[in-house]
Amino acid sequence: MNLEAFVLGCGGMMPLPNRHLTSVLLRREGELFLFDCGEGTQVALRKLNLRWKKISVIFVSHTHADHVTGIPGLLMLSSQVDRDDPLYIIGPPRIAEYIETSRRVLDMYINYEIVVKEITEPGIVYTGDGFHIRCFPLKHTKPCFGYTLEEAIRPGIFHPEQAEALRVPRGPLWARLQNGETVQSADGRDVRPEDVLGQPRSGRKFSFVTDSLAFPEIAPEVTGSDLFVCEGMFEQELAEDAHSKKHMTAVEAARIAAAAGDIKKLALIHFSPRYTEFNLKQVLKEAQQVFPDTVLARDRTVFPIDYAD
């Protein structure tokens, strides 16, 4: 089952010619999840040839303009195609007001159901087949949330030679064993899944954190992430400026990744518009000194998220 993250925009505050505002799309097989929707999101979706009409849920970190200004256009665009499934929008308090006001003032033609859910406390906000998405609070100038998508533990590898040795006929009984059911062998004995399966295997985990002070409680939320997308808005010499605006530096993002443990890759995002591509190399270098498996999440970067086993 494929899991991929597409960076639609990596900028913060204002869009630049080569840097749209923050937005990340996660594709799990045919299902699409959008995390934030800054200005330029539609352009990036088109350039990456992504099927935006398949977006199931938009997860909003907070209601600052550089994270939500792409939503109205996306809502109107979705009315140009046949859409049978509802579009869910999940975010902090007042996201419903923003959506409703935009629809009313822009006199939007909407021919599908929009379901808006406001977050009131941390916890699971969306559940799908074999995974869930959880939110947790961040510390910014207004209510803000991070998100993780975490897959369920998978059964161990099936060993057909063990099933044959235990006289379980090939066919539906093998499938039932792989699904966790106990079956009967040809000679009437009970055969349990653990008799023919290896050790359970981990699922995958994706984490998204942006626009927040760095604080210790983030680390346990993102522990075990195969891909941890986190803001790295400033270089370390501007830490005081970052903190006054309730943002973090790239070094602080790297410290969170190091403290969390078992992070496969940290992808920095939400860069200050003051930084050129040359400057960002210095930002990256600082972070890599703390957490070597750090990269820059540039516009239209694609991150495949593979199983560890």
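Arg27 is partly exposed, with a relative accessible area of 27%. Here buried means under 20% relative accessible area and exposed over 50%, with partly exposed in between (1.4 Å probe, protein chains only). The model is predicted: local features need pLDDT of at least 70, side-chain atom pairs count only at pLDDT 80 or more, and totals for chains, interfaces and linings use all residues. Residues are numbered from 1 along each chain as its sequence is written, and side-chain values use heavy atoms, with hydrogens and water left out.

Arg27 forms a salt bridge with Glu4, at 2.8 Å from N to O. A salt bridge is a side-chain nitrogen of Lys or Arg within 4 Å of a carboxyl oxygen of Asp or Glu. This pair links distant parts of the chain, 23 residues apart: Arg27 belongs to strand 2 (residues 23–28), Glu4 to strand 1 (residues 3–9). Helices (H or I, at least four residues) and strands (E, at least two) are DSSP runs, numbered from the N terminus.

Eleven salt bridges are found in the whole structure. One of them joins Lys245 to Asp241, at 3.5 Å from N to O. Lys245 is partly exposed at 35% relative accessible area. Asp241 is likewise partly exposed, at 25%. In another bridge, the closest N and O atoms of Asp262 and Lys264 are 3.1 Å apart. Asp262 is exposed at 52%, whereas Lys264 is partly exposed at 35%.

An open sheet contains seven strands in the order 7-8-9-12-13-14-15, with mixed pairing. Strands pair if DSSP finds at least two bridges between them. Strand 7 and strand 15 (294–296) are the edge strands, each pairing on one side only. Neighbouring strands of the sheet are turned by 20 degrees against each other on average, direction ignored. Helix 11 (residues 277–290) packs on this sheet and touches strand 14 (266–269) and strand 15. Contact means heavy atoms within 4.5 Å. The direction of helix 11 makes about 165 degrees with that of strand 15. Axes are lines fitted to C-alpha atoms, for helices over the stretch in contact, and angles run from 0 to 180 degrees between N-to-C directions.

Strand 7 (residues 123–128) and strand 8 (residues 131–137) run antiparallel and are joined by five bridges. Thr127 stands opposite His132 in strand 8. The hairpin of these strands has two residues between them, and Gly130 takes a positive phi near 85 degrees there.

Most residues other than glycine have a negative phi. Glu29 is not a glycine, yet has a positive phi of about 55 degrees. Glu29 lies in the loop between strand 2 and strand 3 (31–35) and is partly exposed at 41%. Arg300, also not a glycine, has a positive phi near 70 degrees. Arg300 sits in the loop between strand 15 and strand 16 (302–304) and is partly exposed at 35%.

Met76, Val105 and Leu106 make a nonpolar surface patch of about 270 Å². Patches are made of residues with over 30% relative accessible area and no salt bridge; like charges are joined within 9 Å, nonpolar side chains (Val, Leu, Ile, Met, Phe, Trp, Tyr) within 5 Å. Accessible areas come from the Shrake-Rupley method with a 1.4 Å probe; for residues, only the protein chains shown count as cover. Leu106 is located in the loop between helix 4 (95–105) and strand 6 (114–118). Leu106 is partly exposed, at 45% relative accessibility.
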